[in-house]
Amino acid sequence: MIKNLLQKLLDDNERVIKKLSKNVEIINSLEPEFEKLKDEDFPKKTEVFRERLKKNETLDDILPEAFALVREASKRTLGMRHFDVQLIGGMVLHSGRIAEMKTGEGKTLVATLPAYLNALEGKGVHIVTVNDYLASRDANWMRPVYEMCGLSVGLIVHGLTYEERRRAYECDITYATNNELGFDYLRDNMVVRYENMVQRPLNYAIIDEVDSILIDEARTPLIISGEGDKPTNLYYQIAKFVPRLVKDEDYKVDEKAHLVTLTEDGVKKVEKYFAVDNLSENMELAHHVNQGLKAHCLMHRDKDYVVKDGQVIIVDEFTGRLMFGRRYSDGLHQAIEAKEGVKIEKESQTLATITFQNYFRMYNKLSGMTGTAKTEEEEFSKIYGMDVIVIPTHRPMIRKDQPDIVYRSEMGKFKAVVEDIVERHKKGQPVLVGTISIEKSELLSEMLTKRGIKHQVLNAKYHEKEAEIIAKAGQKGAVTIATNMAGRGTDIVLGEGVQELGGLYVLGTERHESRRIDNQLRGRSGRQGDPGESRFYVSLEDDLMRLFGSSNIEGLMDRLGMDDDMPIENMMITRGIENAQKKVEARNFNIRKNVLEYDDVINQQREVIYGERRKVLYDEDLKDTILSMIDDVIDQVVESFAGETKYSDEWDLPGLLSYVEQNIHPEVDFTTDDLVGMTKREMKDFISERTKKFYEVREEELGSETMRELERAIMLRIIDEKWMDHIDAMDQLRNGISLRAYAQRDPLIEYKFEAYEAFQAMVFAIKEDVVRYIMRVKVVQRPEERKIVANHGEGEVNKPVKVGEKIGRNDPCPCGSGKKYKKCCGRGVN
């Protein structure tokens, strides 16, 4: 009693809800006034709100009236009136926080309130969902509400043209998937003309299923890639070799850390088989063998991936969905393809990349909604600066969550699960069975078939039937076996007479390592005050229990002399399992935080490069930038050839002159004798003056307009090429940096230091190459925009772009760089 009282007194959540409830009363008091409005008055009200904002009123000042207007528009167009708790949810979203709302509480309708209010500023609002189906459904469902109020609605899904995308982004409110938004941002930073960019500056986003996008997907980079040139036959050789190695003798497996390491015996076998003297000196082979071991020991078919139509397709561990177009990075995907004996796709070169963490942190304001976020509040707060507010349900929750039942063996557990399903099925109660993997769902399906229980299976292999299967899952007598994919974006409506039978029974066959995923499965039952029940069956052989928490429970079972088929049902054990989950969640949070610390380094560099790139796109006249680059290159070069010595006769003047002729001024009109006796400053000014004169002559020959076009094309080309090489170099640095820990040095500090050095070197290389090309390039034809292919993970390769057949790949490049065409302007062109 005292504990509950103290919790209420110290509960910030309760205080926030009380404070927002005062605004709800104001909105409710405005309802009679807004009911009197004619339909044609709604857009006029929107214009009035916009005028008030121009007169320095804030969005918070307008909020009660704006929410009242949207509620009335929803009543007239959809026949749905926002509940008071939905108004509170809307205010939480407007304040840049996360609203935790249980399943069936109407999150889609809630989003209309802050979306309309923030769209009044004219800067655009993005409503983000996890897939194209939900984006299309929500946009078309809510469109009448916005349009009645005079706002435009856009939709971004896969397969739109550039023009359709730009029009959608120009709308007041745009529905889109997280993938499409991220890839459009990357593509915008690869265009060669600013009018080809589609996105406006990122203003305000409302993320549906925010925990899925910002936590489960946080470590997944979005990558736009082109074709790489690494050979594939080595993967097949390693796939044949790895089965010859013996576990524990040749290699050790650490399932907790998801690592496989070779022992000394294993290293000797690798060296003998591949005829190398020292594996530690052959980093490429060591990397390939390591990935081959991972593919064989840690990546399991029908759990981590499936093989479909001759392709290895990743299964999302959180949703159970197939992730088409997404690939594991660092050659792991190719190693799995070799293991399964399917065609190996070539490794790719990264052209542009960003993680969801860094993409969404660029918005001026960010908010989100989900049914399960409170368990991850610390991460949302530390990384995104968003608090989680739990919104009360419209009707009381009456679902019964039973304690877990623990069995010693997995088979004992599955037998008990089948018996429970049979009993429930006899009385007609619908059952939703949640499994961790495709493999387990098919095992359970076989067992039920043997018992003559008619059922439906919903896993990644049958995802096309998802909506149809889920729609029937709440009907009398239905038994549905589902992987985690049943937990997202789908409402299960109870059939006739089911409420009297106790509602939907959710049966979990294993605890997931994240409590959120378990809560999502439970949340399928007991929506909007419906009756329901949930229970999890656990065995000591389950991955979570085996790796993180079964020793105490197993000891207890031994002392009690319990066999495989005898269960333990105890709240203490349920708490023990939750503690194991907390351990894993904390570990995963630390991994994500560590990844973010490394990614922040490249992210700051990305922002600098993309910022400079935008200046090049938008700047009409780049002449001053080029002249400044000439000065910077000459300054650094003179310093380099002069060294620390004071007098010019001790400097490497012949080397300096040769460098200037090859890289800066191709028609040098002075000799080393002219430079003798000068100070560093005088020499810099002298070379700079001669180089700029030559630049002016070139501008006269080509014409100012052509010169400006040429400068823009060359700068964009060089920035893109150098940035791509820099990304690759940073990937390699990051893969090997952890070894510095053996020398008692902090890998993160070392990484930051070396990344800074590499970035400075890249910036100088950009300036150097731009100056060389500007001074030497011959105008052949207008530059064409490089075609790219977007993929998620490190994946699908770029199809070569055919741009005429006059220049052979091995011919000298017409730009005058002295390189072969294929190594210069013909890179990525076939």
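**A walk through the predicted chain**

Val315 sits opposite Leu322 of strand β11. The model is predicted, so features described locally require pLDDT of at least 70 and side-chain atom pairs count only at pLDDT 80 or more, while totals for chains, interfaces and linings take in all residues. Residue numbers start from 1 along each chain as its sequence is written, and side-chain values rest on heavy atoms, with hydrogens and water left out.

The chain has 30 helices and 24 strands. Of its 830 residues, 53% count as buried; buried means under 20% relative accessible area, exposed means over 50%, and partly exposed lies in between, with a 1.4 Å probe and protein chains only. Among contacts with a separation of 6 or more, 75% are between residues 24 or more positions apart, where contact means heavy atoms within 4.5 Å.

The opening pair belongs to an open sheet of three strands, ordered β9-β10-β11 and paired antiparallel. Its edges are β9 (305-308) and β11 (322-323); each has a single partner strand, so one side of each has no neighbour in the sheet. Strands count as paired if DSSP finds at least two bridges between them, and two bridges connect β10 (residues 311-315) to β11 in the antiparallel sense. Helix α15 (residues 332-340) lies across β9 and β10, at about 125 degrees to β10. For such angles, axes are lines fitted to C-alpha atoms, for helices over the stretch in contact, and values run from 0 to 180 degrees between N-to-C directions.

Strands of a sheet pair through backbone hydrogen bonds, in either the parallel or the antiparallel sense. The parallel sense is found in an open sheet of seven strands, with the order β3-β4-β2-β5-β14-β1-β15. Here β3 (153-156) and β15 (388-390) are the edge strands; each has a single partner, so one side of each is without a neighbour in the sheet. On average, neighbouring strands of this sheet are turned by 20 degrees against each other, direction ignored. Within the sheet, β5 (residues 204-208) and β14 (residues 365-370) are parallel and share five bridges, and Ile206 has Ser367 in β14 as its bridge partner. Two helices pack on this sheet, touching β2, β3 and β4. Helix α9 (residues 162-170) makes about 135 degrees with the direction of β3, and helix α10 (residues 178-188) makes about 100 degrees with that of β4.

Parallel pairing also occurs around β18 (residues 431-434), which is joined by four bridges to β20 (residues 479-482) and by four bridges to β21 (residues 504-508). Leu432 has Thr480 as its bridge partner in β20, while Val431 is opposite Tyr505 in β21. Both faces of β18 are covered, with Val431 and Val433 buried on one side and Leu432 and Gly434 buried on the other.

Some single positions follow. Helix α4 (residues 59-77) has a kink of about 35 degrees centred on Glu65; the bend at a residue is the angle between axes fitted to the seven residues ending there and the seven starting there. Just after α4, Gly79 has a positive phi of about 70 degrees. Thr112 lies in helix α7 (residues 112-119) and is buried, at 0% relative accessibility. Apart from neighbours within four places in sequence, Thr112 contacts Val70, His82, Met142 and Tyr146.

Gly104, in the loop between β1 (98-100) and α6 (107-110), is buried with a relative accessible area of 10%. Its C-alpha atom is separated by 9.8 Å from that of Ser525, which is 421 residues away along the chain.

Glu699 of helix α28 (residues 680-702) is buried too, at 7% relative accessible area. Its side chain makes a polar contact of 3.1 Å with the side chain of Lys623. A polar contact is a pair of N or O atoms within 3.5 Å; within protein, one must be able to donate a hydrogen and the other to accept it, and residues adjacent in sequence count only if both atoms are side-chain atoms. Not counting residues up to four places away in sequence, Glu699 touches Lys623, Ser704, Met707 and Arg708.

Cys149 is buried at 1% relative accessibility, and Cys171 is buried at 13%. With a disulfide taken as a pair of cysteine sulfur atoms within 2.5 Å, the count is zero.
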